[in-house]
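Subject: Structure for you to look at

Hello,

I am passing on the structure we spoke about.

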Amino acid sequence: MYPVNLQEFSDLTSISIVLLLGVYVFLRKLQQILFLFLQTFVVPGKRLTGFGLKEGAWAVVTGCTDGIGKEFALRLSEAGFNMILIARDINRLNLVSREIESKHSVKTQTHIMDFQHADSSKYNELTQKLNQHDIGVLVNNVGTSWRFAYFVETPLSKIDDMIQVNVNVATRIAHAILPGMINRKRSLILNIGSFSGTFPTPMLALYSATKAFLASFTSVLAEEVRQHNIMVEYLNTYYVVGFHLVLQD
């Protein structure tokens with residue numbers, strides 16, 4: 001019999017474990033990329049009629065006065081949803097509301113909400129308003145970030161803002177309207193995320209972490225409410241300059 005070199009055996013075992021872990025991580029990332037490709041280019045989406053479009057349902061969009069939020073508000077109203085528009089600037093809210101009503105035969109309501117400084121009373125007021133309507137679609141779009149910087153250089157006020165807006169808003173509003181959605185057995189919650197939540201991004205440490213929370217929250221919530229015919233989706237975005245959104249009814 002040949003003597004066994006325990007040190008060599010231990011080294012080979014450690015290398016094998018590291019290689020297996022590396023292969024596992026690679027396959028997981030490959031699976032995520034493949035799933036993203038299939039969702040984007042292959043798998044057909046669900047038509048908006050499945051969310052109460054022909055039944056007078058309302059769509060809610062937060063952070064709707066510019067960018068992605070405004071585009072969703074315009075396209076959902078074009079499809080035929082009545083709109084509840086939520087943002088902190090009343091003048092810009094009114095501009096979007098008037099633009100929608102001038103172009104499409106839908107109703108609009110506006111709600112002023114400064115999410116950075118919202119307390120329980122503000123959320124209770126918003127919940128009461130939302131619960132008066134048949135909500136078919138919720139677009140959790142509002143978010144905030146800060147300039148590229150090391151975490152230690154990020155002011156505490158900006159840290160508090162990012163946690164409040166990027167984490168609390170989506171969870172509080174979803175919690176407010178889900179009972180009604182469950183009763184109606186149909187709705188869509190769309191959480192606007194970021195690739196920095198999937199691929200951790202240095203110099204955007206807290207923003208990346210809050211979007212990772214939102215991605216995880218979306219996945220687990222989707223499983224919990226799937227039995228009630230409610231879709232919860234996470235929209236991965238990267239650096240957005242401008243786009244035109246097309247929705248199918």
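This is a predicted model: local features need pLDDT of at least 70, side-chain atom pairs count only at pLDDT 80 or more; totals for chains, interfaces and linings use all residues.

Nonpolar cores

The largest nonpolar core has 32 residues, and within it Phe115 and Met181 touch the most other members. Two or more residues each are given to this core by strands E1 (58-62), E2 (82-87), E4 (135-140) and E6 (230-235), and by helices H4 (120-130), H5 (156-184) and H7 (205-225). H5 supplies the largest share, nine residues. Another core lies apart from this one; it has 25 residues, including Val61, Phe81, Leu85 and Val139.

What does Met181 contact, once its neighbours within four places in sequence are left aside? The list is Ile135, Leu138, Arg186, Ser187, Leu188, Ile189 and Ile230.

Most residues other than glycine have a negative phi. Two loop residues are worth a look here.

Lys185 has a phi near 60°, a positive value in a residue that is not glycine. Its place is the loop between H5 and strand E5 (187-192). The relative accessible area of Lys185 is 41%, so this residue counts as partly exposed, the class between under 20% and over 50%.

Asn229 also has a positive phi, near 65°, and is likewise a residue other than glycine. Asn229 sits in the loop between H7 and E6. Because its relative accessibility is 38%, Asn229 is partly exposed as well.

Regards

Technical notes: Residues are numbered from 1 along each chain as its sequence is written. Side-chain values use heavy atoms; hydrogens and water are left out. A nonpolar core is a set of buried Ala, Val, Leu, Ile, Met, Phe, Trp, Tyr and Cys residues joined through side-chain atoms within 4.5 Å. Buried means under 20% relative accessible area, exposed over 50%, partly exposed in between (1.4 Å probe, protein chains only). Helices (H or I, at least four residues) and strands (E, at least two) are DSSP runs, numbered from the N terminus. Contact means heavy atoms within 4.5 Å.
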